[in-house]
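Have a look at the model first.

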Amino acid sequence: MLKSQQRSEGASVQPASDFDAVIVGAGFAGLYMLHRLRGLGLSVRVYEAGTGVGGTWFWNRYPGARCDVDSMDYSYSFSEELQQEWTWTERYPSQPELLRYLNHVADRFDLRRDIQLETRVTAAVFNEATGRWDLQADTGDRVSARFCVMATGCYSAAKIPNIKGFESFKGKWYHTSHWPEEGVDFAGQRVGVIGTGSSGVQCIPIIAEQAAELFVFQRSPNFVVPARNAPLDPEFVRRMKENYAQYRRDARETPFGAISDTSGKLALQVTPPERRLLFEKAWKEGGPNILITCPDVFGSKEANDTVVEFLHSKIREMVDDPAVAEALTPTDHPISTRRLCLDTNYYATFNRENVTLVNVRTSPIEEITPKGLRTGVAEYELDSIVFATGFDTMVGALFNLDIRGKAGKPLKQKWAEGPRTYLGLMTAGFPNLFTVTGPGSPSLLTNMVLSIEQHVDWISDCVQYLRGHELDLIEATVEAEEAWVGHVNALAGETLFPLASSRYWFRGANQPPESRSFLAYAGGLGSYRKRCDDIAARGYEGFALTAHSQRGASTDPGARTGT
């Protein structure tokens, strides 16, 4: 019996080494992908490295872990019954609640019987002789599949900084994305947190309440706005559920995949007092609303500066020490060009006597010592170190696998100067390999769940089309891929993203500007959906479609190019 049978969650799965489709990852994307492909009658196996389903929300268990999209938006829309039966408790769902939800979905749709846990796929190689993908896992499993779907997630490959002396530390260290399931008690400890991105912003206030001393090592301050999280009003939930189906249809056509209130007024076309009132209203409402209050904030540096000035004033109001407030104030990027962080008591935490902010931009970390951490000017004795250093966004999880396409070419080699995809769904030279919310798709610039559903639906419809037309392979053409990368970069150029000093959203930052790839499609989810639908309606324009008996030659009308 294969280990896939032994490790599968369901006892009814028959041993197999060949599948119609293999899915890597059992988070939001993997679970829905399994549901759709199984509904088409395909034999499917999902491989998941964790001991449970949930993806990002299985691994990220750090204190304060919470989604920054409203719960009634950040959930599946494919099943009206699911929408009606599940009731969220808070405006922004916590990690435990999200994990309960995803486990509920796995049970409700009987998905576990095709999911193999504790199995990390290590290699996926396209076999040109068979037209199939050969996959290998760390368990020793070897399987093949006609279609391979990477549902590995954008936030799944932890980035641990390469700091001298790391192995010498005598205390304990943690990364926010691999938090111990039993939790951590920091009572009485001297704790260092490295990083002030979203996970740092969420965990720092909670750790500060436990630790005897907390040292926050910050390189680049981020814009942080209040979440205003609270229990959901039952009446609000009732009204939403009454109109959920229509709401979701409308949300799919928006740029972000969620419907938000906007003033419709341009920041530069109202008086400063009126503009201040608009921003104050958004500040009191909480969440990312301040970004969409005035739509010119995304394309005009002058308009963006008005929001930045407002947020700078808020930081000065909330932080008692002027020097600390200045250090917490972002000045190197326009708001929206890096991920906006939502907080609960983040800035107030720096007013606590047991919290010290250490600016590692002016005094970089030189090494980790047996007793703690040393910068250029001081040494800090620590009992525990928390790395809130984020992820190798979008591509890291793919690079952690040995993915090889035609002629054995590694994906990592092809993307050495930046990822190149068509629609964020496929890459030339890698037939039948799909990436869910991959580079070049709207993904992280939108409500991820609706973006995931759009990708999964498109992939499922594509597979159904191939089977209905007796076609076996689909592959992005080089011409369509190049055009798409150019289009994605051009869209980014119309925004303020290129002004972010860290090139946060770019890959291949060491390459000439024309070679860099912007990681996400900035044209909005609604516009992207239409392009994908139009391409499919034109017989999958920009893709080469091949029958099994004609591998190496394209069939008509499938082989199309262009965008």
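At 0% relative accessibility, C462 is buried (under 20% relative accessible area, with over 50% called exposed and anything in between partly exposed, using a 1.4 Å probe and protein chains only). C148 is buried too, also with a relative accessible area of 0%.

This is a predicted model, so to speak with care: local features need pLDDT of at least 70, side-chain atom pairs count only at pLDDT 80 or more, and totals for chains, interfaces and linings use all residues. Residues are numbered from 1 along each chain as its sequence is written, and side-chain values use heavy atoms, leaving out hydrogens and water.

A search of the whole structure turns up zero disulfides (pairs of cysteine sulfur atoms within 2.5 Å). The table gives the neighbours.

| Cysteine | Nearest cysteine sulfur | Distance |
|---|---|---|
| C148 | C462 | 14 Å |
| C462 | C532 | 11 Å |

Now for the second largest pocket, which holds about 250 Å³ of space. A pocket here is an open set of points on a 1 Å grid over the protein atoms alone, where a 1.4 Å probe fits, with protein on both sides within 12 Å along at least five of seven lines; lining residues have an atom within 4 Å of a point. Its lining counts 16 residues, with G64, R66, Q202, I206 and T344 nearest the centre. α6 (198-210) and β11 (341-343) each supply at least two lining residues, and α6 gives the most, with five. By class, the lining has seven nonpolar, five polar (Gly among them) and four charged (Asp, Glu, Lys and Arg) residues.

Key:
Grid points are joined across faces, edges and corners, and a volume is the space filled by probe spheres set on the points. Helices (H or I, at least four residues) and strands (E, at least two) are DSSP runs, numbered from the N terminus.
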